Structure formats: C-alpha cells, structure tokens
Amino acid sequence: MFRQFPIKALDANGAGDMFAGAFLYGVSRGMAAAQAAKLANKAAAAVVSQYGNRLTTARVQGLLAEALAPDACPRYGASAARCLAHSFTMICTKSW
C-alpha cells in the first residue's frame, strides 16, 4: 500500500492520466516502483486539487524536486534531477 496525500478534490479530471504518466515516467527513468508510486500519488493529488487537468511548470518541478532529491535516485544524480524535471514538465504541461 502506498501513502495517500490528503487534499481537497476540486476536479477529478485527469487524475488517472496524471498518475499513470508520472508512474511510468518514474520507472522509465530508473526509480524503484515505490518511489515512482509516491511521485504519481503526489502528482495526481496535485492535479485534482485544482480546476483543470494540467499542472503548472513550477508545480511539476516542485514535485520532481521532492521525488528526486540528490540521494533519492541512485541512477541519476542531483544535476540530472534538473534535466528530468524539465522533461517531465514538458510532458505534463504540453498543450496538444
């Protein structure tokens, strides 16, 4: 079981997509499943706590900074966290 993040849900639109995207992003970048699930839970909680299904660039970077602390990801170091934050930001905030 993974930790829940208490929030006030305003709009559930995009919650599943955000969870799936964040989880797959994490595991495809070398995160353990538990670490990727934590990132996904936080991202989904963030998206339902607002109206609309996209997070701001700043919010995504904040979520990744928490998930990719220098010692949080053994495969990528602290400098790589900034690069990963940028690529995840582009995925989550891209207007199609």
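Helices and strands here are DSSP runs, counted from the N terminus; a helix needs at least four residues and a strand at least two. In this predicted model, the elements of the chain run α-α-α-α from the N terminus on. That makes four helices and zero strands.

**The chain as a whole**

The chain has 96 residues, and buried ones make up 34% of them. Its accessible surface comes to about 5700 Å². Carbon and sulfur atoms account for 60% of that surface.

**Helix 1**

Helix 1 covers residues 15–28. It has 14 residues and reaches 20 Å from its first C-alpha to its last. This is close to the 20 Å expected at 1.5 Å a residue.

Which residues of helix 1 are buried? They are Ala15, Met18, Ala22, Tyr25 and Gly26. Seen down the helix axis, these buried residues fall within an arc of 105°, so they line one face of helix 1. The face turned away from the buried side carries exposed residues: Gly16, Asp17 and Leu24.

After helix 1 comes Gly30. The phi of Gly30 is positive, near 95°.

**An aromatic pair**

A search of the whole structure finds one aromatic pair. Its partners are Phe19 and Phe23, and the pair is stacked. The ring centres lie 6.3 Å apart, with 5° between the planes. The planes count as stacked because the cut-off for that class is under 30 degrees. Both residues belong to helix 1. They sit four residues apart, about one turn of the helix.

| Residue | Relative accessibility | Class |
|---|---|---|
| Arg54 | 35% | partly exposed |
| Lys42 | 17% | buried |

**Helix 2**

Helix 2 spans residues 33–48. Its 16 residues should span 22 Å at 1.5 Å a residue. The end C-alpha atoms are 22 Å apart, which agrees.

Helix 2 is mostly covered: twelve of its 16 residues are buried. Among them are Gln35, Leu39, Val47 and Val48, along with several alanines, including Ala36, Ala40 and Ala44. What covers these buried residues includes helix 1 and helix 3.

Lys42 also lies in helix 2. Why does Lys42 count as buried? Its relative accessibility is 17%, and buried means under 20%. Which residues does Lys42 contact, leaving aside neighbours within four places in sequence? They are Phe5, Leu63 and Glu66.

Helix 3 runs over residues 57–67. Val60, Leu63, Leu64 and Ala67 are buried there. They cover an arc of only 95° around the axis, which puts them on the same side of helix 3. On the other side, Ala58 and Ala65 are exposed.

Arg54 lies in the loop between helix 2 and helix 3. At 35% relative accessibility, Arg54 counts as partly exposed. Arg54 and Ala15 are 39 residues apart in sequence. In space their C-alpha atoms are 9.8 Å apart.

**The nonpolar core**

In soluble globular proteins, nonpolar side chains tend to be buried together. How many residues does the largest nonpolar core have here? It has 18. Those with the most contacts inside it are Met31, Leu39, Leu55, Leu63 and Leu64. Helix 1, helix 2 and helix 3 each give two or more residues to this core. Helix 2 gives the most, with seven residues.

Met31 shows how parts of the chain meet. Not counting residues up to four places away in sequence, Met31 touches Gly26, Ala36, Leu39, Ala67 and Leu68. Of these, Gly26 is one of the buried residues of helix 1. Ala36 and Leu39 are among the buried residues of helix 2. Ala67 is one of those buried in helix 3.

Conventions
Residues numbered from 1 in each chain as written. Predicted model: local features only at pLDDT ≥ 70, side-chain atom pairs only at ≥ 80, totals over all residues. Heavy atoms only, no water. Phe/Tyr/Trp six-rings, centres within 6.5 Å; stacked < 30°, edge-to-face > 60°. Buried < 20%, exposed > 50% of the residue type's maximum accessible area, 1.4 Å probe, protein only. Core = buried A, V, L, I, M, F, W, Y, C linked by side-chain atoms within 4.5 Å. Contact = heavy atoms within 4.5 Å. Arc of directions from axis to C-beta. Areas by Shrake-Rupley, 256 points an atom, 1.4 Å probe, with all protein chains shown as cover. Expected span 1.5 Å × (residues − 1).
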